[in-house]
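Reader: I am new to this and would like to learn how to read a structure. Could you walk me through a few features?

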Amino acid sequence: MKNEIWKDIEGFIGYQISNKGRVQSFTKYREGIILKVKIDNHKGRPKAMVTLTDIKNDKKITKSIATLVYKHFIDKNINTSTNIIEYKDKDYMNCSAENLYAISRADFFNQKEHLANMNNIQRYEYDGKEYFLSEIAKLKNINKVTLKGRLKRGLNIKEAAERSTEKRKILKYQGKNYFLSDIVNLKNIKKTTLKARLRYGWTTEESIEIPTERSAKILNVALYEYQDKLMTLNQISKKYNINKDTLYQRIKKSGWSIEDAIEIPVAKYNYKK
């Protein structure tokens, strides 16, 4: 290739990179072979990549060809954590040195957003001015997807932008904090049932753990009313620290009332040896 210059790749014995974006290896053949290019489409940004072997550590490492060219022929001190290497002709396969330039990550993403706005045909009138949807989202500090969803549900742009976000209710259950929706999924309980129980003054545990009468019938779970609350034997046992078998014997076998079964203490016996 005309005017092609080769340099040894730093940190990799037996490899060279050219100013035209080609990589050759001398690790197996004395005359060298041009390595195949791989395409990495990470995050929608295609890159020409090449796999090199670190002979010292016996490791295969994949490198960006554009980065290798830039570091060996333009600026070896470029910080790729804060900068992105771009292509003047927008062809990611053209990794020749004259086609590459560096742009800060901040400038790159601002530029990307600007281009997206330029391609976005729809503009919205808000407070007497015209804005793109992304500009309104940034102005009102609201997620763009949320804004779009509100517009789809029939809200106008003013309503969509200014509607306050409802604070999600947090419940403390078994020593952990949960959102209402998390509890619904975790315990397989209807959200309307849970909200109604909490509204009527039930504790979080009662609201979550006491099955509805319909569920109780399906599961064949008996409910007992004590102090104006419906509970299962298992819940009564835990709440009042009474053996579940004792409760069962008193209610089912001996016919005690729920009040007697709970309130009469268990007799203690001293057995003689």
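Predicted model: local features only at pLDDT ≥ 70, side-chain atom pairs only at ≥ 80, totals over all residues.

Reader: Let's start with the helix. Which residues of helix 6 are buried?

Author: First, the general idea: an α-helix has 3.6 residues a turn, so residues three or four places apart point the same way. In helix 6 (residues 180–187), the buried residues are Leu180, Ile183 and Val184. They cover an arc of only 100° around the axis, which puts them on the same side of helix 6. Asn185 and Leu186, on the other side of helix 6, are exposed.

Reader: What covers the buried residues of helix 6?

Author: The cover includes strand 12 (170–173) and strand 13 (176–179), along with helix 7 (191–199) and helix 8 (204–209). Just after helix 6 comes Asn188, with a positive phi of about 55°.

Reader: Now the rings. How many aromatic pairs are there?

Author: Ring centres within 6.5 Å make a pair, and planes over 60 degrees apart count as edge-to-face. The count here is two aromatic pairs. In the pair of Tyr226 and Tyr240, the centres are 5.5 Å apart and the planes are at 90°, so this pair is edge-to-face. Tyr226 lies in strand 14 (residues 224–226) and Tyr240 in helix 10 (residues 233–240), so the pair ties together parts that are 14 residues apart in sequence.

Reader: Is Tyr226 buried or exposed?

Author: Tyr226 is buried, at a relative accessible area of 5%, whereas Tyr240 is partly exposed at 26%.

Reader: And which residues make the nonpolar surface patch?

Author: Val37, Ile39 and Met93 make this patch of about 250 Å². Met93 sits in the loop between strand 8 (83–87) and strand 9 (100–104) and is partly exposed, with a relative accessible area of 43%.

Methods: Residues numbered from 1 in each chain as written. Heavy atoms only, no water. Patch = residues over 30% accessible without salt bridge, like charges linked within 9 Å, V, L, I, M, F, W, Y side chains within 5 Å. Areas by Shrake-Rupley, 256 points an atom, 1.4 Å probe, with all protein chains shown as cover. Salt bridge = Lys/Arg side-chain N within 4 Å of Asp/Glu carboxyl O. Helix = DSSP H or I, 4+ residues; strand = E, 2+ residues; numbered from the N terminus. Buried < 20%, exposed > 50% of the residue type's maximum accessible area, 1.4 Å probe, protein only. Phe/Tyr/Trp six-rings, centres within 6.5 Å; stacked < 30°, edge-to-face > 60°. Arc of directions from axis to C-beta. Contact = heavy atoms within 4.5 Å.
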